[in-house]
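Here is a short briefing to read alongside the model. Take a look at the fold before going through the points.

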Amino acid sequence: MIKRILLTLFILLGFSHHSNAQFGFSHEIGVIAGPIAFQSDYGERHDLKTNSGNTGMGIGIIHYINFSYRADCDCYTPETYFNDHFKLRSELSYNKTELKHFGRWVEGKPSEGKEQLKAMYGSTAVTNIGMQLEYFPLSIREFTATIGKLGPFVSLGAQFSYYNAKASSTMGPLGIPRTTFPKYLTPTDGRPYGFSTEGGSVWSVVSSVGTRYKLSPLRDLMVDLRFQYFFSNWVDGLNPNPALYKENKANDWLVWFNFGYIYYLQ
């Protein structure tokens with residue numbers, strides 16, 4: 001699966017360079033990295049310990065099509081609002097998060113259920129490929145020409161993700177009443193609920209807000225706060241029956257605060 005994603009990225013990059021020759025676009029490449037807070041069925045919703053405990057790291061390679069500048073002639077494109085305020089971003093990224101149960105359901109007076117939750121742990125590793133359209137409220141041309149200038153932006157896009165989820169317990173193998181909290185047991189009628197240690201693929205919607213900083217004529221720094229919503233509740237490896245457990249009905253999502261370095265290709 002990873003090989004397919006890499007192949008797709010190379011095809012996209014090759015297409016973008018072909019577009020440069022045909023339509024006069026310019027290109028930017030960069031790297032991003034930063035911490036991730038994964039919101040899942042582990043822990044208590046809206047709990048500070050859950051939000052701070054279920055965290056991981058992400059890294060990525062990014063590519064931009066810059067509509068405002070033509071690398072083939074070293075000149076600006078005809079000025080339009082779209083050319084001066086939008087960029088198209090493609091991305092290949094990877095993140096991994098270690099997961100545990102936090103909050104009031106594992107605190108206080110000991111009980112069998114609390115011990116089962118405290119003993120349970122997991123992880124999820126997610127590889128993403130996709131595109132976002134970034135909107136810059138201020139002029140891209142003015143930002144490009146001014147060292148030390150900030151270029152705020154917002155973006156919206158979609159990604160295709162491959163996830164690999166793991167779930168375990170220090171009490172022994174999961175899937176039996178002795179080790180597993182009741183709502184994570186797979187129903188005897190075979191319905192697809194409970195826990196999973198398998199991988200899968202899923203689509204997600206991505207939205208970001210951030211800013212660039214013009215470091216030099218060909219280099220930018222970037223900070224970016226991202227929200228990514230998955231169209232599945234299995235990305236973390238847990239999916240209790242939502243009809244019985246309303247607190248777990250939401251799909252998985254994450255927040256990623258990343259730092260980036262971007263270089264303009266000439």
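This is a predicted model: local features need pLDDT of at least 70, side-chain atom pairs count only at pLDDT 80 or more; totals for chains, interfaces and linings use all residues.

Residues are numbered from 1 along each chain as its sequence is written, and side-chain values use heavy atoms, with hydrogens and water left out.

**The barrel**
- Eight strands close into a barrel, in the order S1-S2-S5-S6-S7-S9-S10-S12, with antiparallel pairing.
- Neighbouring strands of this sheet are turned by 20° against each other on average, direction ignored.
- Strands (E, at least two residues) and helices (H or I, at least four) are DSSP runs numbered from the N terminus, and two strands pair if DSSP finds at least two bridges between them.

**Strand S1 and its partners**
- In strand S1 (residues 26–39), 10 of the 14 residues are buried; buried means under 20% relative accessible area, exposed over 50% and partly exposed in between, with a 1.4 Å probe and protein chains only.
- S1 runs antiparallel to strand S2 (residues 55–66), and 12 bridges join the two.
- Along S2, histidine 27 has isoleucine 65 as its bridge partner, and alanine 33 stands opposite isoleucine 59.
- S1 also pairs with strand S12 (residues 253–265) in the antiparallel sense, over 11 bridges; here glycine 30 stands opposite isoleucine 262.

**Helix H4 against the sheet**
- H4 packs on the sheet and touches strand S5 (86–100), S6 and S7, where contact means heavy atoms within 4.5 Å.
- The direction of H4 makes about 55° with that of S6; axes are lines fitted to C-alpha atoms, for helices over the stretch in contact, and angles run from 0 to 180 degrees between N-to-C directions.
- Helix H4 spans residues 112–119, and its buried residues are Gly113, Lys114, Gln116, Leu117 and Ala119.
- Strands S6 (120–135) and S7 (150–169) are among what covers those buried residues.

**Asparagine 128**
- Asparagine 128 lies in strand S6 and is buried, with a relative accessible area of 0%.
- Its side chain joins that of serine 161 through a polar contact of 2.5 Å. A polar contact is a pair of N or O atoms within 3.5 Å; within protein, one must be able to donate a hydrogen and the other to accept it, and residues adjacent in sequence count only if both atoms are side-chain atoms.
- Not counting residues up to four places away in sequence, asparagine 128 touches residues including Glu91, Leu92, Gln159 and Phe230.
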